[in-house]
Amino acid sequence: MIKNESYKGSQRVFPELLAPAGNYEKLVTAIHYGADAVYLGGKSFSLRAKAGNFSSESMRDGIVYAHEHGVKVYVTVNLIAHNKDFAGLTDYLLSLQNMGVDGLIISDPGIFSCATKTVPTVPIHLSTQANVTNKESASFWFEQGARRLNLARELSLNEIAEIRNRVRGELEIFVHGALCISYSGRCMLSNYMTGRDANQGSCAHPCRFSYSLVEEKRPGEYFPVEEDERGTYIFNSKDLCLLEMLPQLVASGVDSLKIEGRMKSIFYVGGVVRVYRAALDYLAALPEEAWNEPADISFPPSFIEELQRTGTRGATENFIKERPGSHEMIYTSSRASQFYEPVAVIRKAGDKPFVEIRNALFVGEEVEYMQPGLDVVPLTIRAMKDEVGEVVNKANPGNKVFLETDSSLSDCRVNGILRRKKNVQQTKYTN
Ligand code: SF4
């Protein structure tokens, strides 16, 4: 059994919920749905080059907004650096310090060293790209001055607990999101196949491609590569989902639970953060006796059902209980399944809220307002008026309209999301 390490004195402490913020709007959405901290990248020195990322101005604004809401901001400086990449680094680190960032996410030892000398008071969080898989490695990095380690995704719960028992510094683990078939950052597939370097933030995700075999004297003749009869997506992993392991992860004493997905939509970020926030709040409300056996704590089915509505390639618990096998891969498609889609974001709250449309919306449609927590408010759109008060029957993406609905939306909040069910077949989420 995992030792119950989640106490400070006699007080149980719950881990921070750390959310991806690929741009300012995603930052606001993550905070709206309950993130304790967000991570983001600037235009330089960060992986996820296509995540949108923040200009200096938007990063400054994002940090101010987050701090006003009691939320911490960690900035990625996590590329695998070459000599040329150090040009301008010290100025960039100083500018981040001046903006008041709460931590720097770093993987390269050279950048780590530069940061400890240039901005010694800014906490350094070691990125998952540094692949910390054991307690000796964890001790090493804390001795170098790291404040926090994001442990490798390839660890079991027992290994995490062993590391926890060895070191006192902060430990962070990924609980949700896309996985690589390699150790994070140790993959050259994209570089070889497309010239886009995953370690510079430009991965083209060729692990999700469909592969065939070609004999070199017969170009154009494709022989199927089949591990079994289901298909040919031989490197295509399901997405990580450790929701049901949260009680044991909380008990193990980890300090931060991280959600992957800076390149994902506000609908995904808001939807996933919302469920994990509700799950942590559910655990915090349990009586103390429940924690005698964390493995026996379970969530009502509504938690996993709501997660399913955010879009997924299926779910795996990866290495947390046992080594993953072929059933952790998806052989039939590389696309994520999404059974709900966002319709609008609330820009002004009220009984007739003013919303920004994300997918075309018609009068008469049934939608749902995603409240913080797991509840939704089902609604039928009765009428829409545009910004100058003209009645419209259809609103297109980017339009801003006032909504009249059958149920009251007087409790809705700015930055809340309206969604609707898509007309597609839903498949099984968990193993
Ligand atoms: S190709 Fe796939 S496994 Fe490799 S870095 Fe990109 S996402 Fe990860």
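Me: Which residues are around the ligand?

Reply: A residue is near a molecule if one of its heavy atoms lies within 4 Å of it. Here the residues around the ligand are C180, I181, S182, C187, A198, C203, H205, P206 and C207. Keep in mind that this is a predicted model, where local features need pLDDT of at least 70 and side-chain atom pairs count only at pLDDT 80 or more, while totals for chains, interfaces and linings use all residues. Residues are numbered from 1 along each chain as its sequence is written, and side-chain values use heavy atoms, with hydrogens and water left out.

Me: How does the shell around the ligand divide into nonpolar, polar and charged?

Reply: Ala, Val, Leu, Ile, Met, Phe, Trp, Tyr, Cys and Pro count as nonpolar, Asp, Glu, Lys and Arg as charged, and the others, Gly among them, as polar. By that scheme the shell has seven nonpolar, two polar and no charged residues.

Me: Now the helices. At what angle do α1 and α9 pack?

Reply: Helices are DSSP runs (H or I, at least four residues), numbered from the N terminus. Their axes are lines fitted to C-alpha atoms over the stretch in contact, and angles run from 0 to 180 degrees between N-to-C directions. Helix α1 (residues 24-32) packs against helix α9 (residues 266-284) at about 20 degrees, with the axes 8 Å apart. That makes α1 roughly parallel to α9, since angles under 35 degrees count as roughly parallel, over 145 as roughly antiparallel, 65 to 115 as roughly perpendicular and the rest as oblique.

Me: Which residues of α1 and α9 meet?

Reply: Contact means heavy atoms within 4.5 Å. From α1 come E25, K26, T29 and A30, and they meet I266, V269, G270 and V273 in α9. This contact divides into four nonpolar, two polar and two charged residues.

Me: How do the axes of α9 and α10 cross?

Reply: The axes of α9 and helix α10 (residues 301-308) come within 9 Å and cross at roughly 165 degrees. That makes α9 roughly antiparallel to α10. In α9, V272, R274, V275, Y276, A278, A279 and Y282 meet F303, E306 and L307 in α10. By class, there are eight nonpolar, no polar and two charged residues in this contact.

Me: Is I346 buried or exposed?

Reply: Buried means under 20% relative accessible area, exposed over 50%, and partly exposed in between (1.4 Å probe, protein chains only). I346 has 0% relative accessibility, so I346 counts as buried. Leaving aside neighbours within four places in sequence, I346 is in contact with residues including P353, F354, Y369 and C412.

Methods. Helix = DSSP H or I, 4+ residues; strand = E, 2+ residues; numbered from the N terminus.
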